[in-house]
Amino acid sequence: MSNSQDTVRPRSKSEMNMSKHTGVQASETVLILQGGGSLGAYECGVYKSLHKRKIKFDIVAGTSIGAINATIITCAKNDPIKDLESFWLDLADSVTPPNLPYNMRSRFSAMYSAVFGNPNAFFPKWFLPSADYFFPFLWPYLYDKTPLMNTLNKYVDFKKLREPNSPRLIVTSTDIENARPSIFDSMYDDITADHVLASAGYPFYGISWTRINGRYLWDGTLLNNTPLREVIDASPKHNKKVYLVDLFPHEQHDLPRNMVEVWHRARDITHVDKILYTLHMSKMINRQLGLIRNMYEILDKSSLDENSRTKFSNIQKEYHEIAQERGAIIDQIVRIQRKEDSHFLFEDADFSITTIKNLMEQGERDTILALSEI
């Protein structure tokens with residue numbers, strides 16, 4: 001089987017019976033978008049290919065830049081494809097010479113972004129007057145996200161999330177004070193630009209946190225760069241077909257040659273998805289519930305005294321509560337995986353126009369290939 005698709009075993013008879021008896025409803029189609037800075041342009045290309053094939057999503061979930069992409073997809077002011085592409089062209093750096101070789105271009109662009117920021121995404125604190133300007137060791141952040149909020153609001157209309165046919169939007173962030181995930185779901189929350197930007201405050205790059213309702217929130221990637229578990233928890237009654245975008249390569253066969261390459265590979269490993277355990281636990285729980293269901297059917301047909309019948313009734317209620325929470329399964333996962341020929345630690349800070357366009361084109365090509373292998 002191709003590595004673009006996870007092996008998902010056929011549903012057993014007990015699992016199909018569970019769908020009838022535990023409230024599990026029709027399958028949902030889900031798009032999961034990871035965080036990864038400028039690599040998010042790859043996700044733009046992926047969505048363009050999926051949209052061309054008329055694949056519609058019930059849920060779009062993301063963290064960090066993936067949350068921003070997810071927001072434009074779910075509530076773009078105009079056409080989501082055109083708005084998403086225009087958003088990325090707005091973020092593109094036009095200062096870096098476009099014809100430089102990749103290794104030179106990516107380093108030049110990353111360094112330019114680090115010093116001068118990005119006028120449509122983040123602005124360096126050293127260009128802003130403040131009371132603590134001459135005491136940088138007291139600064140809690142290096143870059144302000146206000147330009148990114150302005151750019152996001154240029155392309156999205158959050159009121160559209162309340163429309164009946166709008167996909168459900170789920171974005172994740174991290175609570176600084178208790179190290180727990182803070183999840184915003186358009187089904188329950190009135191999501192604004194603040195909620196989305198809370199998911200994109202990456203402290204290791206000096207991006208500021210966001211304060212919402214007395215909570216201080218950082219980037220969702222600190223806890224989980226692939227919010228599949230959050231989607232399962234948010235929608236436990238529906239089986240799922242999942243399209244998952246991998247921005248960071250799982251495999252790298254050439255070993256790092258120096259400390260910079262060591263940090264690069266360690267960063268990739270930290271950010272790759274950790275969903276195999278989630279899938280394993282989902283399948284195990286479902287199988288166990290199936291066995292309990294079979295035992296229940298046997299006991300239900302047996303002659304029980306009144307005391308045993310009362311105990312059985314209580315067990316039945318508890319079983320149904322658990323089945324409602326964990327009864328659904330993941331039918332299929334389709335992976336679209338970004339590959340790289342050159343390893344650069346700050347590739348996710350390369351906003352050069354050439355790189356942004358190349359990433360979008362690569363995302364389109366890889367998606368076509370992944371879909372052809374299903």
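Predicted model: local features only at pLDDT ≥ 70, side-chain atom pairs only at ≥ 80, totals over all residues.

Q: Good. How do α4 and α12 pack, in angle and distance?
A: Helix α4 covers residues 80-91 and helix α12 covers residues 353-372. They pack at an angle of about 155 degrees, and their axes are 9 Å apart.

Q: So what does that make α4 relative to α12, roughly parallel or roughly antiparallel?
A: Roughly antiparallel. The cut-off for that is an angle over 145 degrees.

Q: And is the crossing left-handed or right-handed?
A: Right-handed, as α4 passes α12.

Q: Which residues make the contact?
A: From α4, Glu85, Trp88 and Leu89. From α12, Ile353, Ile356, Lys357 and Met360.

Q: How does that contact of α4 with α12 split by class?
A: There are 5 nonpolar and 2 charged residues, with no polar ones.

Q: Now α6. How does α4 cross it?
A: Helix α6 is residues 146-155. Its axis and that of α4 come within 10 Å and cross at roughly 155 degrees. That makes α4 roughly antiparallel to α6.

Q: Which hand does that crossing with α6 have?
A: It is a right-handed crossing.

Q: How many of each class in the contact of α4 with α6?
A: The count is 4 nonpolar, 2 polar and 3 charged residues.

Q: Switching topic. How many disulfides does the whole structure have?
A: The search finds 0 disulfides.

Q: What about Cys44, buried or exposed?
A: Buried, because its relative accessibility is 0%.

Q: And Cys75, buried or exposed?
A: Cys75 is buried, with a relative accessible area of 0%. Buried means under 20%.

Q: One more residue. Where is Glu347?
A: Glu347 lies in the loop between β10 (330-337) and α12.

Q: Is Glu347 buried or exposed there?
A: Buried, because the relative accessible area of Glu347 is 2%.

Q: Which residues does Glu347 touch, leaving out those up to four places away in sequence?
A: Its contacts are Ser38, Leu39, Tyr102, His264, Arg267, Asp268, Arg338, Glu340 and Ser342.

Q: Great, that covers my list.

Methods. Residues numbered from 1 in each chain as written. Heavy atoms only, no water. Axes fitted to C-alpha atoms, helices over the stretch in contact; angles between N-to-C directions. Helix = DSSP H or I, 4+ residues; strand = E, 2+ residues; numbered from the N terminus. Parallel < 35°, antiparallel > 145°, perpendicular 65-115°, else oblique. Left-handed = near helix turned anticlockwise from the far one by under 90°. Contact = heavy atoms within 4.5 Å. Nonpolar A, V, L, I, M, F, W, Y, C, P; charged D, E, K, R; others polar. Disulfide = S-S within 2.5 Å. Buried < 20%, exposed > 50% of the residue type's maximum accessible area, 1.4 Å probe, protein only.
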